[in-house]
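Here is a briefing for a reader who is new to this structure. Look over the sequence and the model, then read the points below.

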Amino acid sequence: MAELVFFTGTMDSGKSTLALQMDYNHRAGGRRGLLFTSRDRSGEAVISSRLGLRTPAIEVAAASSFWDEVVRRRTHAAEVDYLICDEAQFYTAAQVEELARVVDELDVDVYAFGIGTDFRARLFEGSRRLVELADRVETLQVPTLCWCGRRATHNARTVDGRMVLTGEQVVVADIAGRGPAPAEAGDQGAVGYETLCRRHYMAGRTASDANVLGEAEQLLPFGD
């Protein structure tokens, strides 16, 4: 029986790496599948991991139809046994519903990968619908860490190192200091992302804030 599985975790938790590994394993087993992505960090139609792995994929736009793509290929005698769907948080609710239909009516396995919440700690549209419809939701077991050493649970957006809670929901930029892609320039500075534990997300304290605080604490008060 085919199934719809949603693999989720914070940024930098290895979702794209797992997506590529799963594709490799299925292909090694003789199965044929399709890879999809949306707004990959590389800016290209590929699934790319922070370990340097890259594989071409089909870009998912607002008008994309998973159903039409699978039916078209099968009509031309191409086998489609599974779909690997990376950056699934950016899919629309209707596209996620279509993925469920592909599983139920075409007997195609769908493995979706994406972060759950945005920088405001609100569920993305695609992630919300996946949680509602998936046969299984798997939380990735590779922990990402907050600057304090605790397990990171939230994705924070930063501008020049300071956490912000306003702006467009989707701004593609790098996780601060952890990848090759430069952060995009915002109206007020360089935009980046950082994973934080709930405590420091709620307090709005980033690694940059902690460094400034640490330096201040090391200054000794000498009198004249």
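Predicted model: local features only at pLDDT ≥ 70, side-chain atom pairs only at ≥ 80, totals over all residues.

Residues are numbered from 1 along each chain as its sequence is written, and side-chain values use heavy atoms, with hydrogens and water left out.

**Overall make-up**

- The protein chain has six helices and 11 strands. Both are DSSP runs numbered from the N terminus: helices are H or I with at least four residues, strands are E with at least two.
- The protein chain has 224 residues, and 43% of them count as buried. Buried means under 20% relative accessible area, exposed means over 50%, and partly exposed is in between (1.4 Å probe, protein chains only).
- Take the contacts in the protein chain with a separation of 6 or more: 72% of them join residues 24 or more positions apart. A contact means heavy atoms within 4.5 Å.

**Nonpolar cores**

- The largest nonpolar core has 25 residues. Such a core is a set of buried Ala, Val, Leu, Ile, Met, Phe, Trp, Tyr and Cys residues joined through side-chain atoms within 4.5 Å.
- The residues with the most contacts inside this core are Phe36, Phe66, Leu83, Cys85, Tyr91, Val102 and Val110.
- At least two core residues come from each of β1 (4–8), β2 (33–37), α2 (66–75), β6 (82–85), α3 (93–106) and β7 (109–114). With six residues, α3 gives the most.
- Cysteine 85 touches Phe36, Phe66, Tyr91, Leu99, Val110, Tyr111, Ala112 and Phe113, leaving aside neighbours within four places in sequence.
- In soluble globular proteins, nonpolar side chains tend to be buried together.

**Helices α2 and α3**

- The axes of α2 and α3 come within 8 Å and cross at roughly 35°. Axes are lines fitted to C-alpha atoms, for helices over the stretch in contact, and angles run from 0 to 180 degrees between N-to-C directions.
- On the α2 side, the contact is made by Phe66, Trp67, Val70, Val71 and Arg74. On the α3 side, Gln95, Glu98, Leu99, Arg101, Val102, Glu105 and Leu106 take part.
- The residues of this contact divide into seven nonpolar, one polar and four charged. Here Ala, Val, Leu, Ile, Met, Phe, Trp, Tyr, Cys and Pro count as nonpolar, Asp, Glu, Lys and Arg as charged, and the others, Gly among them, as polar.
- Buried residues of α2 are Phe66, Trp67, Glu69 and Val70. Their cover includes β2, β5 (58–59), β6 and α3.
- In α3, the buried residues are Ala93, Gln95, Val96, Glu98, Leu99, Ala100, Val102, Val103 and Leu106. They pack against β1, α2, β6, β7 and α4 (125–133).
- The end C-alpha atoms of α3 are 19 Å apart, which agrees with the 20 Å that its 14 residues should span at 1.5 Å a residue. The expected span is 1.5 Å times one less than the number of residues.

**Cysteines**

- The structure holds zero disulfides. A disulfide is a pair of cysteine sulfur atoms within 2.5 Å.
- For cysteine 148, the nearest cysteine sulfur is that of cysteine 146, 3.7 Å away. Cysteine 148 counts as partly exposed because its relative accessibility is 30%.
- Cysteine 197 has its closest cysteine sulfur in cysteine 146, at 3.8 Å, too far for a bond. Cysteine 197 counts as buried because its relative accessibility is 3%.

**Loop residues and positive phi**

- Most residues other than glycine have a negative phi.
- Aspartate 107, in the loop between α3 and β7, has a positive phi near 60°. At 51% relative accessibility, it counts as exposed.
- Aspartate 160 lies in the loop between β9 (154–159) and β10 (162–164). Its phi is positive, about 50°, and at 51% relative accessibility it counts as exposed.
- Threonine 117 lies in the loop between β7 and α4. Its C-alpha atom is 9.2 Å from that of glycine 9, 108 residues apart along the chain.
- Not counting residues up to four places away in sequence, threonine 117 touches Arg122, Leu123, Phe124 and Asn155.
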